[in-house]
Amino acid sequence: MTEARVPILMYHAVSAEPNDATRALSVTPEAFAEQMEQVADRGLTPLTTAGLAARWRSGRPLPDRPVLITFDDGYEGVHRHALPALAGHGFPATLFVSTGWLRGPYDTGGGLDTMLDWGQVRELADAGVEIGGHSHTHPQLDQIDDATLRAELTRCRDIVADELGALPVSFAYPYGYSSRRVRTAVRENGFAQALAVGNSLARRAQGPYALRRVTVRRSTGAEEFERLLDGRAIARTFARDRALTKGYAVVRRTRQLHRRTVGAVV
């Protein structure tokens, strides 16, 4: 039996006029509404991140043509623009929040554009959007020390729990970066599953802490979006992204080795 491959769509800002920092990874409200129409017209069945992972963990069958709709960071347009489009189709989704970027008592000022406030996050949760963790200040988790890593995860988890009354069970790695150490820390902080990027389809064999997503951005047209939903030509679509990722991975490993060496000397 062929292993199921599931498109997990990764969105960021949904905005007509994003700033320069978020423009490339944003989509217009019109484009998002049209993409949700495509999901509906093609007969796909959206799930939350927790819903997909629970089915894979238990061995229960997936629904016909599953897809995940996910958002990172916590931009205000997810409430203003994405929620009405999702609600119009009855689609669930998952929002991964960087708690220190959201407007309110924990705001560190790091948000890249207009961010959600906690009232809006609660309204999203009440509308069927799963709220997951995305760290507190959005660092590259594999580049920080153990104490800082634990603080980023614990603070994010506890703030979401305090604001929503339930612990978050899903996590998305900022920038998509993780390592065995990071994945272990995510699990130890109570998250049952986590999403990376990878720009390929998700498979059960990837494991619950390294499920891959495909990036939806401002340049994603209707034909490309259709290919993402169908899982066609994914490697070709993201060939440049993968080449850049591999090159940067070498740089990042060199940085990690340098830090360990310096730490040993000190």
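The model is predicted. Its average pLDDT is 91, and 88% of the residues score at least 70. One stretch needs caution. Over residues 242-266, pLDDT stays under 50. For that stretch the model has 16 contacts beyond four places in sequence.

Start with strand S2, which covers residues 8-11. Within it, Met10 has Thr215 as its bridge partner.

Tyr11 leads on to the aromatic rings. Together with Phe32 and Phe71, Tyr11 forms one aromatic cluster. What is the geometry of Phe171 and Tyr173? Their ring centres lie 5.8 Å apart and their planes meet at 70°, so this pair is edge-to-face. Both residues are buried. Tyr175 and Tyr177 form another aromatic pair, and this one is stacked. The distance is 6.1 Å centre to centre, with 20° between the planes.

Stay with Tyr175 for a moment. It is found in the loop between strand S7 (170-172) and helix H6 (180-188). Its relative accessible area is 46%, so Tyr175 counts as partly exposed. Its backbone also deserves a look. Tyr175 has a positive phi of about 65°, although it is not a glycine.

Ser135 has a positive phi too, near 80°, and is likewise a residue other than glycine. This serine is found in the loop between strand S6 (129-133) and helix H5. Is Ser135 buried or exposed? Its relative accessibility is 0%, so Ser135 is buried.

Ser135 is also one of the residues touched by Glu152. Glu152 is in helix H5, which runs over residues 146-164. Leaving aside residues up to four places away in sequence, Glu152 touches Ser135, His136, Thr137, His138, Pro139, Leu141 and Ile144. Glu152 is buried, yet it has no salt bridge. Which side chain of opposite charge is nearest to Glu152? That is Arg155, 8.3 Å away.

Glu76 is another buried glutamate, with a relative accessible area of 12%. Burial means under 20%, so Glu76 qualifies. Glu76 lies in the loop between S4 and helix H3 (77-89). Glu76 does have a salt bridge, formed with Arg80. The closest N and O atoms of that pair are 3.1 Å apart. Arg80 has a relative accessibility of 51%, so it counts as exposed. Glu76 has other neighbours as well. Not counting residues up to four places away in sequence, it touches Arg103, Thr114, Met115, Leu116 and Gln120.

The count of salt bridges comes to twelve. One of them joins the side chains of Arg65 and Asp230, at 2.9 Å from N to O. Arg65 has a relative accessible area of 31%, so it is partly exposed. Asp230 is partly exposed too, at 26% relative accessibility.

Asp230 also meets Arg232 in a salt bridge, with 3.5 Å from N to O. Arg232 has a relative accessible area of 38%, which makes it partly exposed. These contacts belong to a wider set. Salt bridges that share partners join Arg42, Arg65, Glu226, Asp230 and Arg232 into one network.

Note on methods. Residues are numbered from 1 along each chain as its sequence is written. Side-chain values use heavy atoms; hydrogens and water are left out. pLDDT is the predictor's confidence in each residue, from 0 to 100. Contact means heavy atoms within 4.5 Å. Helices (H or I, at least four residues) and strands (E, at least two) are DSSP runs, numbered from the N terminus. Buried means under 20% relative accessible area, exposed over 50%, partly exposed in between (1.4 Å probe, protein chains only). Lys and Arg count as positive and Asp and Glu as negative; His and the chain ends are not counted. A salt bridge is a side-chain nitrogen of Lys or Arg within 4 Å of a carboxyl oxygen of Asp or Glu. Two strands pair if DSSP finds at least two bridges between them. Rings of Phe, Tyr and Trp (its six-membered ring) pair if their centres lie within 6.5 Å; planes under 30 degrees apart count as stacked, over 60 as edge-to-face and the rest as tilted.
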